[in-house]
Amino acid sequence: MPADVVAIARDLLRCPSVTPAEGGALALVADILSRAGFTVERPVFSEPGHAAVQNLHARIGHGGPHLVFAGHTDVVPPGDEAQWTHPPFAGDVADGVLYGRGAVDMKGAVACALAAALDHLAANGGRPKGTLSFLLTGDEEGVAVNGSVKLLKWAAERGEKFDHCILGEPTNPETLGDMIKIGRRGSQNGTLVVTGTQGHVAYPHLADNPVRSVVRMVAALLAEPLDAGTDHFDPSNLEFTSIDVGNKTVNVIPAEARARFNIRFNDLHTQGSLRALIEARAAAAAQGARFRIDWEPSNAEAFLTAPGPFVTLVGDVITSVTGRQAELSTSGGTSDARFIKNYCPVVEFGLVNASMHGIDERVPVADLIALTAIYREIFVRYFG
Ligand SMILES: [Zn+2]
């Protein structure tokens with residue numbers, strides 16, 4: 001009898017684990033995995049100024065290869081519950097569709113990986129030919145301070161060495177099998193601050209208007225592309241999100257003007273090289289104006305898991321189950337893969353992302369069964 005993925009998913013959805021609450025979700029996973037023979041630990045991480053967060057590490061087997069499934073059991077808030085067709089924490093199934101906050105992001109995929117692991121162990125005498133691990137955090141949707149960053153470090157300090165990772169975030173735009181993520185763009189926020197000299201608007205020669213300079217510098221930064229993209233990445237993009245002077249008067253030339261921006265960048269850049277490039281371009285456009293750029297700290301460097309045997313294995317399995325040729329993509333926002341990549345190659349494949357974070361988040365039961373089959377077949381081919 002294969003494991004009942006729908007029952008596991010429904011039980012998970014009934015846990016109200018809105019970040020940073022554990023909500024019973026990790027306890028449920030711990031129970032399922034320990035009964036299957038996994039060694040399970042649940043480290044709690046804390047830091048002043050942030051809520052303490054529960055996490056989970058489980059492993060079974062010995063030696064290599066060592067595959068880890070990574071993910072999170074926390075969810076974003078449901079919003080106005082009255083707008084949901086089915087209550088967000090009820091785990092209702094209607095017309096072959098499972099409803100609930102986290103159905104696709106990403107308790108559904110966690111349930112699929114659990115069911116696939118139980119099936120694999122049952123078919124192989126209770127143990128993989130290698131090591132299978134789970135790394136689950138309760139702090140992905142929040143500030144991500146007490147989640148994967150600390151969990152990965154904690155595991156490494158205990159001697160855990162992962163060979164490959166599957167992160168079960170929802171990756172498919174429309175249909176299961178559309179897309180594997182093999183990397184992510186980096187993200188960097190900054191503020192261009194131009195300083196002038198305040199004065200009377202009727203006597204501009206006595207003042208130095210920073211609005212003139214900020215407009216010129218913003219235009220210059222938008223005019224020149226950062227790069228032309230790569231085989232696996234779109235061109236990097238600089239996007240201004242706000243231009244602020246905050247001037248309440250009509251007759252005063254302001255002393256300062258600010259322009260905020262975000263850059264999503266590919267692996268032709270690092271945060272360091274990008275900052276240097278932007279500062280040089282800003283200086284060239286400043287024409288003597290006084291300016292500085294305030295850079296915000298960022299933990300999102302661009303990365304790529306180069307196509308190779310592991311990416312091919314995952315892609316082949318997806319094709320064998322869904323009949324689709326999954327696109328290898330680096331699109332979208334950041335994910336915990338940006339932390340995992342420092343420890344081992346990581347690919348992301350999960351459910352269809354169309355309803356994530358929305359009202360009536362939902363997943364067809366057929367997708368849960370198909371994703372379980374995909375993870376199960378990945379285990380079969382990976383462990384040989
Ligand atoms: Zn997620």
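This is a short chat about two annotated residues in a predicted model.

Student: Hi! Where does UniProt place the "active site"?
Tutor: Hi! The unreviewed UniProt entry puts that feature at D74 and E140. They are spread over 67 residues of sequence, yet they cluster in space, with a largest C-alpha distance of 6.8 Å.

Student: Nice. Which of these residues is in the lining of the largest cavity?
Tutor: That lining includes E140.

Student: OK, let's take D74. Where is it?
Tutor: Look at the loop that runs between β4 (66-72) and β5 (93-94); D74 is there.

Student: Is D74 buried or exposed, and why?
Tutor: D74 counts as buried because its relative accessible area is 0%, and the cut-off for buried is under 20%.

Student: What is D74 in contact with?
Tutor: Leaving aside neighbours within four places in sequence, D74 has contacts that include S17, T19 and D105. Residues T137, G138, D139, E140, E141 and G142 are also among its contacts. So the two annotated residues, D74 and E140, touch each other in this predicted model.

Student: Switching to E140, which loop is that in?
Tutor: E140 sits in the loop between β7 (131-137) and α4 (148-157).

Student: And is E140 buried or exposed?
Tutor: Buried, because E140 has a relative accessible area of 15%, and buried means under 20%.

Student: What does E140 touch?
Tutor: Not counting residues up to four places away in sequence, E140 touches H72, D74, E169, S335 and D336.

Student: Which side chain makes a polar contact with the side chain of E140?
Tutor: The side chain of H72 does, at 3.4 Å.

Key: Residues are numbered from 1 along each chain as its sequence is written. This is a predicted model: local features need pLDDT of at least 70, side-chain atom pairs count only at pLDDT 80 or more; totals for chains, interfaces and linings use all residues. Side-chain values use heavy atoms; hydrogens and water are left out. UniProt positions are given in the numbering used here, feature names are shortened, and annotations may be inferred rather than shown by experiment. On a 1 Å grid over the protein atoms alone, a cavity is a set of points where a 1.4 Å probe fits but cannot get out, and a pocket is an open set with protein on both sides within 12 Å along at least five of seven lines; lining residues have an atom within 4 Å of a point. Helices (H or I, at least four residues) and strands (E, at least two) are DSSP runs, numbered from the N terminus. Buried means under 20% relative accessible area, exposed over 50%, partly exposed in between (1.4 Å probe, protein chains only). Contact means heavy atoms within 4.5 Å. A polar contact is a pair of N or O atoms within 3.5 Å; within protein, one must be able to donate a hydrogen and the other to accept it, and residues adjacent in sequence count only if both atoms are side-chain atoms.
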